[in-house]
There are 2 protein chains.
Amino acid sequence: MIKAAIMGYGTVGSGVYEVIRTNQKEIDKKVGQELQIKYVLDLREFPGDPVMEVLTHDFEDIINDDEVRIVAEVMGGLHPAYEFTRRCLEAGKSVCTSNKELVAEHGAELIQIAKDHQVNYLFEASVGGGIPIIRPLNSSLTADVILEISGILNGTTNYMLTKMADEGLDYADVLKEAQAKGYAELHPEADVEGWDACRKIAILTSLASGNQVDFGQIYTEGITKITKEDFLYAKKMKCAIKLLASSKKVGDTYCAMVSPVLISRDNPLYMVNDVFNAVKVEGNMLGASMFYGSGAGKLPTASAVAGDMVDAARHLGKIITLFWSPEKLTLAPMEESSKRFFVRMKSAEAAKACFGDVELWDAGVQGEIGAVTPVMSEAEFAKKARDAQIISMIRVED
Amino acid sequence: MIKAAIMGYGTVGSGVYEVIRTNQKEIDKKVGQELQIKYVLDLREFPGDPVMEVLTHDFEDIINDDEVRIVAEVMGGLHPAYEFTRRCLEAGKSVCTSNKELVAEHGAELIQIAKDHQVNYLFEASVGGGIPIIRPLNSSLTADVILEISGILNGTTNYMLTKMADEGLDYADVLKEAQAKGYAELHPEADVEGWDACRKIAILTSLASGNQVDFGQIYTEGITKITKEDFLYAKKMKCAIKLLASSKKVGDTYCAMVSPVLISRDNPLYMVNDVFNAVKVEGNMLGASMFYGSGAGKLPTASAVAGDMVDAARHLGKIITLFWSPEKLTLAPMEESSKRFFVRMKSAEAAKACFGDVELWDAGVQGEIGAVTPVMSEAEFAKKARDAQIISMIRVED
């Protein structure tokens, strides 16, 4: 029998407990022996919940119990999750987590500590919820040079953008509805400003490059400025507007960014709607592949954490190779990346005067016109846009 | 340095050689040391090809060389691939393969032999070409009970069906064109009769259940009877016609089948076109996820074989847990599975008389009408259809 603990009994933590209890027989078969939850750590009480049998309020119970070999860290936030994780790893316990903030900030360091103590730090659930993407990147696509990773990595904003597209609603109304339904938080900045997606693309870029990516370096733009008029143009152009997190290989490094983009029907990300997530990976040999599924939600995320716990149980005393060193990666300057830009301006003449040979779109919005610029660098666009009266701009993903 | 051999220098074999030569630096980094191809086995000569330096015509060179720790078996066919694979495993060499016939027929047995000799038998490339699906099923989705696996697993037929849908062509014309382009073989039965997809869903069902599935038990229907008129109805119904290989959990076993189906836009498989493949996996906790990419082709398939070689190199002397025992799985009888059926018949009256409360579709084909039956079992449908004059039938995937 292998004993485990769960730190945090919030949405994901209670999900992990439920997944293991529900699928106990299957999981034990996959592990080769029984996987038993000996402790659940939470400061609160849960009267009437069967978790009470194993609930503890004291982290020291877990850290001092040598029987506990695997710990799920599903507390979220940096502190005390970081300290608890370190101490678990140093005590020879493998840690499985859904905590993207912690992985993005301290991933390389915690992987190294795990290695030094012959245990594993696993974080499949930190990106894409239930979608297997970390393990495929780490163990399957190992014969490829990763040219590009791009994805819809935030379920809340994708739900909101889908709603705006389908129902012609404006941003503020959709946000209110998403909050009422519990899809968006009362303080929705982490989602709508793109911070959540930013951490996730930082993790994926670290794995693709093998070096530590500082997420603070990544240009991040959220969806707060997207309006219903933008969607009138998108429809006309047969495009979707998505919050895209992307990372493209440039020389020996990557250029990463998060921003709303116009995506055409040819792109498999076009059809990723509602709270679904998807990650597209392009290898130099493999071509394009895509991983699609529930990017968030209690049980899908918990399923990924529990899957990591199974893998940790199968690898007691053995290190699962993870290709992510603490050495920092200097990202390529976003200003040098090239693409087309969609702009809304007062007149076709103004658009042509600013950006040259543009492609014009009339979506019936009075007093303005849509224009797609030729391919140019971000720096070039910024320079040309400086004196232009631009109503709104969305990047075009080709 | 780890030395390896490639058996077979056909499409996939030459691809594996190319992938490793092209990405040598990356691959060595991922392995942690140099991965060197010491032999390539093929009966032919390849004058002017750099492979000549390592080419051998004699399998004994490989089997007797203790330096060779990893062998890629990309010969295809059952013999001598089976004998060579056995001998390699018994000699303590890990084997990585793209050979779906061999894996479907002898997978469990070869995995057991590998285990007995502390080596690994890996076959990511046998299903879905470059799409990682075997490893995610085996290592990521381990905390879930797999309720359903369904996929578009054959690139040739998907190309043909996409072509028929887009250009309104008939089956025979599309087949000729696909053959001219090299997408379909001169003897196309393995693809168009569904045999290739059948072997692949047998492999996936074995992995989902943990037991050996006999592919001969799986009901398999190809695309040879699909006509351009069928697509007129599909368009009207806003559906795609796809060759679907599926496996659905029924009690303690699975019901597997391969057949053309009508798929609506809500299904993520709807948008999988041309030579692309995709596998949808539904877990009881995870919900639905989908894996999409190049299902065939030299480099994508070779990339998957080379990825397995990296994994084998990382696991020298260590067994990668694979959950596939030789015990046979008795599949659930296909006759008991229930669904809706689309039928083309002479008249609405005839359709109603046979199948009751049908949904009618007029696609403007003279002298007939389309009808979708209520949900019923395959047995019930067969009984009702016995005396009906049915022009054609396609199952509906909900």
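Which residue of β13(B) stands opposite A:Ser289? In this predicted model, the residue across from A:Ser289 is B:Gly293.

The relation between the chains can be taken next. Chain B is superposed on chain A by a rotation of 180 degrees, with 0.0 Å of shift along the axis and an RMSD of 0.0 Å. This is the relation of a two-fold axis. Within chain B, B:Phe291 has the C-alpha nearest that axis, at 2.4 Å. Both copies use the same surface, since 100% of the contact residues of chain B recur in chain A.

The interface extends to other elements. In total, 43 residues of chain B are in contact with 43 residues of chain A. On the chain B side, two or more residues come from each of α2 (24–31), α6 (134–140), β13 (287–294) and α12 (298–314). Of these, α12(B) gives the largest share, with nine residues. Sorted by class, the side of chain B that touches chain A holds 22 nonpolar, 13 polar and eight charged residues.

Within chain A, the reader can trace an open sheet of six strands with parallel pairing, in the order β3-β2-β1-β4-β5-β6. The edges of this sheet are β3 (55–56) and β6 (121–122) of chain A; each has a single partner strand, so one side of each is left without a neighbour in the sheet. Strand β1 (residues 2–7) of chain A pairs in the parallel sense with strand β4 (residues 68–73) of chain A, over five bridges. One residue to look for here is A:Ala5, whose bridge partner in β4(A) is A:Val71.

What is A:Val305 in contact with, leaving aside its neighbours within four places in sequence? Its partners are A:Val12, A:Val16, A:Ala72, A:Val74, A:Cys96, A:Ser98 and A:Ala125.

Technical notes
Residues numbered from 1 in each chain as written. Chains lettered and ligands numbered in written order. Predicted model: local features only at pLDDT ≥ 70, side-chain atom pairs only at ≥ 80, totals over all residues. Pairing = 2+ DSSP bridges. Helix = DSSP H or I, 4+ residues; strand = E, 2+ residues; numbered from the N terminus. Least-squares fit on C-alpha atoms with pLDDT ≥ 70 in both. Contact = placed C-beta atoms within 7 Å. Nonpolar A, V, L, I, M, F, W, Y, C, P; charged D, E, K, R; others polar.
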